Amino acid sequence: MKKLLLAPSILSADFTALASSIKKIEDAAADWIHIDVMDGSFVPNISFGQPIVKALRPVTKLPFDVHLMINNPEQHIETFAKAGADWITFHWENVIHCHRLVQQIHALGKKAGISIVPSTPVSALEAVLPYVDLILIMSVNPGFGGQKLIEPCLHKIPELVRLREQNGFSYLISVDGGVNGENVSRVIETGVDVIVSGSAFFDGSLHWEKYRQ
Ligand code: DX5
Ligand code: ZN
């Protein structure tokens, strides 16, 4: 059985003590650090950029799962790669040349992910599924932590599992937004590979110890 991965989002961490938030992630035996990059244009909020990724890189060996909620991501891929990103995920909605961007990320020696917002169907991804390493299903509208999970988004996960099995694809499936202690077992039942959690991880209500494999 494939291991279920947890990727806590430092968007909900204490920004005055990011290194100790990372220690908390390591102590919980989580797998990746999810880093939400927002530009105030593609999404309404602004978070942080490459300098934070670079500053945190020496603090941990855990992979950095960088989620770019920014316009023109192709202009920033290289600097995020150099800053220490391991997985680089961009959004399908604002990139015309998705396949080119996946190639660009691979050429930098990094894993490439594509994310879709709640209103984008899985069918939009059909042409890129053979090339991509990660599909990130947004289960809230991107921009803020602490929102309520939009349940119908979860139906996209079994659909992606089926497409992967039928076609022999190898992408991981990640879910991001609103996962908490109340809904996490339902989320796991969808067949998802990676769970992103911000507020529920850091406020202690996710209870990951019950699900850790
Ligand atoms: C939302 C971000 C998420 C968010 C998750 O735009 O992509 O990663 O931080 O936070 P919670 O788990 O609080 O919804
Ligand atoms: Zn995210």
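Q: Let's start with one residue. Which residues does threonine 60 touch, not counting those up to four places away in sequence?
A: Leaving out those sequence neighbours, threonine 60 touches Ile22, Glu26 and Ile33. One thing to keep in mind as we go: this is a predicted model.

Q: How do I tell whether threonine 60 is buried or exposed?
A: Look at the relative accessible area, where under 20% means buried. Threonine 60 has 6%, so it counts as buried.

Q: What joins the side chains of threonine 60 and glutamate 26?
A: That's a polar contact, with a distance of 2.6 Å.

Q: Now threonine 120. Where is it, and what does its side chain make a polar contact with?
A: Threonine 120 is in the loop between S5 and S6. Its side chain makes a polar contact of 2.7 Å with the side chain of glutamate 93. Not counting residues up to four places away, threonine 120 touches Trp92, Glu93 and Lys156. With a relative accessible area of 7%, threonine 120 is buried.

Q: Let's move to strands. Which strand holds valine 66?
A: Valine 66 sits in strand S3, residues 64-69. At 0% relative accessibility, valine 66 counts as buried.

Q: Which residues does valine 66 touch, beyond those up to four places away in sequence?
A: The list is Ile35, Val37, Phe80, Ala85, Trp87, Ile88 and Thr89. Take threonine 89 as an example of how to read sequence against space: it and valine 66 are 23 residues apart in sequence and 6.1 Å apart in space, C-alpha to C-alpha.

Q: What about leucine 68, where is its place?
A: Leucine 68 is in strand S3 too. Its relative accessible area is 1%, so leucine 68 is buried. Setting aside neighbours within four places in sequence, leucine 68 is in contact with Val37, Pro73, Ile77, Phe80, Ile88, Thr89, Phe90 and His91. For a separation to compare on screen, leucine 68 and isoleucine 46 are 22 residues apart in sequence and 11 Å apart in space, C-alpha to C-alpha.

Q: Valine 128 next. Where does it lie, and is it buried or exposed?
A: Valine 128 lies in the loop between strand S5 (111-116) and strand S6 (134-138). Its relative accessibility is 8%, so valine 128 counts as buried. Apart from neighbours within four places in sequence, valine 128 is in contact with Cys98, His99 and Ile114. Glycine 178 is 50 residues from valine 128 in sequence and 26 Å from it in space, C-alpha to C-alpha.

Q: On to the metal. Which residues are the protein donors of the zinc ion (ligand 2)?
A: Start by finding the atoms that point at the metal. Here the protein donors are His34 (NE2), Asp36 (OD), His67 (ND1) and Asp176 (OD), lying 2.0 to 2.3 Å from the zinc ion. Their spacing in sequence is H-x1-D-x30-H-x108-D. Histidine 34 lies in strand S2 (residues 33-38) and aspartate 176 in strand S7 (residues 172-176), so this pair ties together parts that are 142 residues apart in sequence. Both histidine 34 and aspartate 176 are buried.

Q: Why is the arrangement around the zinc ion (ligand 2) octahedral?
A: In general, six octahedral donors have ideal angles of 90 or 180 degrees. Here the six donor atoms around the zinc ion subtend angles of 68 to 169 degrees, which makes the arrangement octahedral.

Q: How many residues surround ligand 1, and which are the closest?
A: There are 20, and the closest are Asp36, Gly143, Gly146, Asp176 and Ser199. Next, look for polar atoms facing the ligand. A polar side-chain atom of histidine 34 is 3.4 Å from an oxygen atom of ligand 1. For histidine 67, a side-chain N or O atom is 3.3 Å from an oxygen atom of ligand 1. Glycine 178 uses its backbone: an N or O atom there lies 2.8 Å from a ligand 1 oxygen.

Q: How much of ligand 1 does the protein bury?
A: Taken alone, ligand 1 exposes 380 Å², and the protein buries 100% of that.

Q: Last one: what should I look at in the backbone of alanine 29 and asparagine 72?
A: Alanine 29 has phi near 55 degrees, a positive value in a residue other than glycine. Asparagine 72 has a positive phi as well, near 50 degrees. Alanine 29 lies in the loop between helix H1 (18-27) and S2, and asparagine 72 is in the loop between S3 and helix H3 (77-83). At 37% relative accessibility, alanine 29 counts as partly exposed. Asparagine 72, at 39%, counts as partly exposed too.

Key: Residues are numbered from 1 along each chain as its sequence is written. Chains are lettered from A and ligands numbered from 1 in the order in which they are written. This is a predicted model: local features need pLDDT of at least 70, side-chain atom pairs count only at pLDDT 80 or more; totals for chains, interfaces and linings use all residues. Side-chain values use heavy atoms; hydrogens and water are left out. Donors are N, O and S atoms within 2.8 Å of the metal (3.2 Å for Na, K and Ca); water is not among the atoms, so sites may look incomplete. Four donors count as tetrahedral if all angles lie between 85 and 135 degrees; four count as square planar and six as octahedral if opposite donors are over 155 degrees apart and all others between 65 and 115; anything else is irregular. Helices (H or I, at least four residues) and strands (E, at least two) are DSSP runs, numbered from the N terminus. Buried means under 20% relative accessible area, exposed over 50%, partly exposed in between (1.4 Å probe, protein chains only). Contact means heavy atoms within 4.5 Å. A residue is near a molecule or strand if one of its heavy atoms lies within 4 Å of it. A polar contact is a pair of N or O atoms within 3.5 Å; within protein, one must be able to donate a hydrogen and the other to accept it, and residues adjacent in sequence count only if both atoms are side-chain atoms. Accessible areas come from the Shrake-Rupley method with a 1.4 Å probe; for residues, only the protein chains shown count as cover.
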